[in-house]
Amino acid sequence: MTASKSKKNTITKVICAAAAAAVLVSAGSIIASASQGEYDTVVINGEEKQARYVDYGTNVRMWECVVNDTSYCVFVHGDYDKDNNTLYFVDHDDYFLASTVPGQTLNLYNDIDKSNNAAFNEVDGTKYLCITDDAGTTQMNFQADEADGTADGKITQDENTIETYALLPNGAVVNTIKENHVGFLRTINGIFTGKTDFWNDISNP
């Protein structure tokens, strides 16, 4: 082997080793950072669970947890008193709702006129849902809500994912996303909670 080839191989090995080390350090940092995240107690179908909790500082909050192979994600746009309220997640099989009251219904159309955070707007025959929080107003195309033949705030994204929009008693908008068959998400959730065999779950989702 020539000197130039030997040097090239040595450089390659050093670069590969450095890259591998960088990946491990980055992964360790992500896991360490995630493990320091905030959690909140929610009630899912009558059982208390710990959900990952994020306050975005714009009157928008997010809760996320995975139960078995189902991922539940909730965004609340508007006022929410975390210290004095509990979110109740109720799974209705093909969708789920979240509210500060256990008996939440698909109430978007019935109660929208009472809300300061939600309004419908129609532009050139297209229906939009306008959601307002401290970051401003987001206008989203809401035509898909009627794709199943009923305007109720429930939207099917695909065969495993369903999204709903409802209102808390105080008018805050609750956007929920239920996703089935999410073995990989279960693994990610386990990393956040520190309760997973990471490599086993990756291999056997």
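Is F120 buried, exposed or partly exposed? F120 turns out to be partly exposed, with a relative accessible area of 30%. On this scale, buried means under 20% relative accessible area, exposed means over 50%, and partly exposed is in between (1.4 Å probe, protein chains only).

## What you're looking at

This is a predicted model, where local features need pLDDT of at least 70, side-chain atom pairs count only at pLDDT 80 or more, and totals for chains, interfaces and linings use all residues. Residues are numbered from 1 along each chain as its sequence is written, and side-chain values use heavy atoms, with hydrogens and water left out.

The protein has four helices and twelve strands. Those are DSSP runs, numbered from the N terminus: helices are H or I with at least four residues, strands are E with at least two. Of its 205 residues, 37% count as buried.

## Two cores

Let's start with the inside. A nonpolar core here is a set of buried Ala, Val, Leu, Ile, Met, Phe, Trp, Tyr and Cys residues joined through side-chain atoms within 4.5 Å. The largest one has 17 residues, and those with the most contacts inside it are V42, W63, V74, V76, L87 and F89. Strand 1 (38-44), strand 2 (47-55), strand 3 (60-67), strand 4 (70-77), strand 5 (87-91) and strand 6 (96-99) each supply at least two residues of this core. The largest share, three residues, comes from strand 4. There's also a second, separate core of ten residues, which includes L108, A118, I155 and L167.

Contact means heavy atoms within 4.5 Å. Leaving aside neighbours within four places in sequence, F89 is in contact with residues including V42, W63, V74 and F96.

Two strands pair if DSSP finds at least two bridges between them. Six bridges join strand 7 to strand 8, and the two run antiparallel; A119 stands opposite C130 in strand 8. These two strands form a hairpin with two residues between them, and D124 in the turn has a positive phi of about 50°.

Strand 8 (residues 126-133) also pairs with strand 9 (residues 136-141), again in the antiparallel sense over six bridges. That pair forms a hairpin too, with two residues between the strands. Along it, L129 has M140 as its bridge partner, and D133 stands opposite G136. Seven of the eight residues of strand 8 are buried, so this strand is largely enclosed by the rest of the structure.

N117 counts as buried, at 14% relative accessibility. Leaving aside neighbours within four places in sequence, its contacts include H77, C130 and G171.

## Rings and charges

Back to F120. Rings of Phe, Tyr and Trp (its six-membered ring) pair if their centres lie within 6.5 Å; planes under 30 degrees apart count as stacked, over 60 as edge-to-face and the rest as tilted. By this rule there are eight aromatic pairs. In one of them, F120 and F142 are tilted, 5.9 Å centre to centre with 50° between the planes. F120 lies in strand 7 (residues 118-123) and F142 in the loop between strand 9 and strand 10 (154-158), so the pair ties together parts that are 22 residues apart in sequence. F142 is buried, with a relative accessible area of 0%. Y109, F120, F142 and Y165 form one aromatic cluster.

A charge sits over a ring if NZ of Lys or CZ of Arg is within 6 Å of the ring centre and within 35 degrees of the ring normal. The charged end of K127 sits over the ring of F120, 5.3 Å from its centre. Likewise, the charged end of K82 sits over the ring of Y53, 5.1 Å from its centre.
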